[in-house]
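Subject: Structure handover

Hi,

Here is the structure we talked about passing on. Please open it and keep it beside this note as you read.

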Amino acid sequence: MKRSICILLILVLCLSTTACGRMSGSAYGVHTIETLVEQDYSLAFRINDPTADFVIAALEVLSAEGKVDELAVKWFGSKMIDFDANAKALDEVTEENFPREFIIGVDINSFPMAYVSNESYWGYDIELAIAVAEKLGWDLKIQAIEKENVYVELSSGNIDCAWGGIALDPKEVQQGLYLRYGPYVENDIVVATRNGNMLFNKLMLQGKSLAMCSTQEAMDALKRDPRLERRLGQIMRLAGGTTQCFEYLFAGHCDAVLTDTTAIAYINSH
């Protein structure tokens with residue numbers, strides 16, 4: 001009898017350990033339930049502005065040197081950023097390079113590409129832009145813009161380059177309002193949940209709680225799914241951005257979040 005009880009206790013302990021292992025492994029990490037918007041990030045410059053030649057060449061040199069991949073692994077855990085590589089690209093630029101101020105416009109709601117942390121701009125795109133400026137001997141200046149205003153910001157001279165989690169308007173690109181370089185990374189807007197949550201498709205979202213950023217882009221994405229849009233009054237709209245959405249998700253305050261695939265890559269690698 002005692003031997004049977006001991007064996008039973010050992011089996012229970014083993015099963016409990018296995019279960020804990022599954023939970024600890026699945027408590028962290030996020031997976032996509034539904035894709036709402038397929039998009040990607042690019043850079044934009046004024047037409048015929050030599051700034052583009054220098055920046056693109058610097059990016060290609062940094063790519064050839066491995067800096068682009070190094071930062072991608074640091075931020076996303078993989079080499080998911082795609083820039084052309086050419087170690088001699090700067091030597092091939094015909095214009096003469098002078099020290100200058102280089103102003104980029106970023107979307108600070110595009111964590112982890114560009115965002116504000118401790119009252120400073122940070123993110124993958126910011127760190128890569130810093131490397132580009134150092135390579136060129138330029139002073140980098142960063143300012144927040146709305147991605148809907150890329151053409152206005154460029155044409156007015158307020159910025160030299162739209163770069164920092166910017167999904168360009170396909171219509172503006174087609175009209176040739178500015179020079180596009182990219183895309184360099186795919187960034188879809190999706191509905192996602194924690195690994196371990198038994199939510200695998202959009203039909204399973206019925207009756208579940210959802211959190212999202214309080215941005216126009218998030219609202220526009222939500223409208224791609226009429227069923228989600230009808231539940232707008234029940235959806236938590238958070239002013240704290242993507243990081244707050246994930247905080248709510250992992251704290252159990254919501255079942256799913258509306259987010260970006262680049263943000264998921266960051267979360268799953270940290």
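This is a predicted model: local features need pLDDT of at least 70, side-chain atom pairs count only at pLDDT 80 or more; totals for chains, interfaces and linings use all residues.

**The cavity**

The largest cavity holds about 110 Å³ of space.

Which residues line the largest cavity? They are Asn109, Ile189, Cys213, Thr215, Glu217, Ala218, Thr242, Leu258, Thr259 and Asp260. Two or more lining residues come from each of two elements, helix H7 (216-222) and strand S12 (256-260). S12 gives the most, with three residues. By class, the lining of the largest cavity has four nonpolar, four polar and two charged residues.

Now the open space. The largest pocket has a volume of about 510 Å³. It is lined by 19 residues. Closest to the centre of the pocket are Gln39, Lys147, Ala167, Leu168 and Pro170. Find those in the viewer and you have the middle of the pocket.

Which elements supply at least two residues each to the lining of the largest pocket? Strand S2 (40-45), helix H6 (170-175) and H7 do. H7 also gives two or more residues to the lining of the largest cavity.

Best wishes

Terms used
Residues are numbered from 1 along each chain as its sequence is written. Side-chain values use heavy atoms; hydrogens and water are left out. On a 1 Å grid over the protein atoms alone, a cavity is a set of points where a 1.4 Å probe fits but cannot get out, and a pocket is an open set with protein on both sides within 12 Å along at least five of seven lines; lining residues have an atom within 4 Å of a point. Grid points are joined across faces, edges and corners, and a volume is the space filled by probe spheres set on the points. Helices (H or I, at least four residues) and strands (E, at least two) are DSSP runs, numbered from the N terminus. Ala, Val, Leu, Ile, Met, Phe, Trp, Tyr, Cys and Pro count as nonpolar, Asp, Glu, Lys and Arg as charged, and the others, Gly among them, as polar.
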